[in-house]
Amino acid sequence: MRPPFISVVMNCFNGEAFLREAVQSVLNQNFDDWELIFWDNQSTDSSAEIISSFEDSRIKYFFAEKHSELGVARNNAFQKTSGQWVAFLDTDDIWVPTKLDEQVRIIKHSSSKLGLIYSRCEF
């Protein structure tokens with residue numbers, strides 16, 4: 001099985017408030033060659049139950065051995081990725097359904113070497 005094109009990294013510490021909407025925004029992408037690396041930084045709320053309610057093999061759950069600062073937790077989650085590109089999504093953010101598709105189109109049609117792609121946000 002080949003690795004996904006995009007690895008989405010979501011770090012979580014007690015992120016239940018908006019977690020369902022954040023994960024659903026990944027599932028709603030019109031680009032589907034992704035994996036979601038969900039790094040649970042020892043949450044004590046219902047984050048684990050929420051993420052396990054999604055039945056999609058592209059979602060990969062990891063529970064941290066110990067709680068750590070966000071930068072360390074992101075690096076730990078990054079170590080679990082297998083995609084060619086990595087995208088970060090916080091548990092209190094959502095993506096529009098075309099986000100990954102639009103960014104992948106830029107990657108695939110770029111004549112230069114890209115290292116980072118970012119987009120605007122809407123409040």
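View 1. Arg-105 is partly exposed, at a relative accessible area of 44%; partly exposed lies between buried, under 20% relative accessible area, and exposed, over 50% (1.4 Å probe, protein chains only). This is a predicted model, in which local features need pLDDT of at least 70 and side-chain atom pairs count only at pLDDT 80 or more, while totals for chains, interfaces and linings use all residues. Residues are numbered from 1 along each chain as its sequence is written, and side-chain values use heavy atoms, with hydrogens and water left out. Arg-105 forms a salt bridge with Asp-101, with 3.0 Å between the closest N and O atoms. A salt bridge here is a side-chain nitrogen of Lys or Arg within 4 Å of a carboxyl oxygen of Asp or Glu. The two residues are 4 apart in helix H4, about one helical turn. Asp-101 is partly exposed too, at 24% relative accessibility. Helices (H or I, at least four residues) and strands (E, at least two) are DSSP runs, numbered from the N terminus.

**View 2. The buried side of H4.** Lys-99, Leu-100, Gln-103, Val-104 and Ile-107 are buried in H4. They lie on the same side of the helix, because their arc around the axis is only 115 degrees, taken from the directions from the helix axis to the C-beta atoms. The buried residues of H4 pack against strand E1 (6-12), strand E2 (34-40) and E4; contact means heavy atoms within 4.5 Å. Exposed Lys-108 and His-109 sit on the face turned away from the buried side.

**View 3. Arg-74 and Asp-90.** The salt bridge between Arg-74 and Asp-90 has its closest N and O atoms 2.6 Å apart. Arg-74 belongs to helix H3 (residues 70-78) and Asp-90 to the loop between strand E4 (85-88) and helix H4 (99-109), so the pair ties together parts 16 residues apart in sequence. Arg-74 is partly exposed at 24%, and Asp-90 is partly exposed at 29%. The whole structure has 5 salt bridges.

**View 4. The largest nonpolar core.** This core has 24 residues, and Ile-6, Val-8, Met-10, Val-23 and Leu-36 have the most contacts inside it. Such a core is a set of buried Ala, Val, Leu, Ile, Met, Phe, Trp, Tyr and Cys residues joined through side-chain atoms within 4.5 Å. E1, helix H1 (16-27), E2, helix H2 (47-52), E4 and H4 each give it two or more residues. Not counting residues up to four places away in sequence, Met-10 touches residues including Leu-19, Phe-38 and Asp-90.
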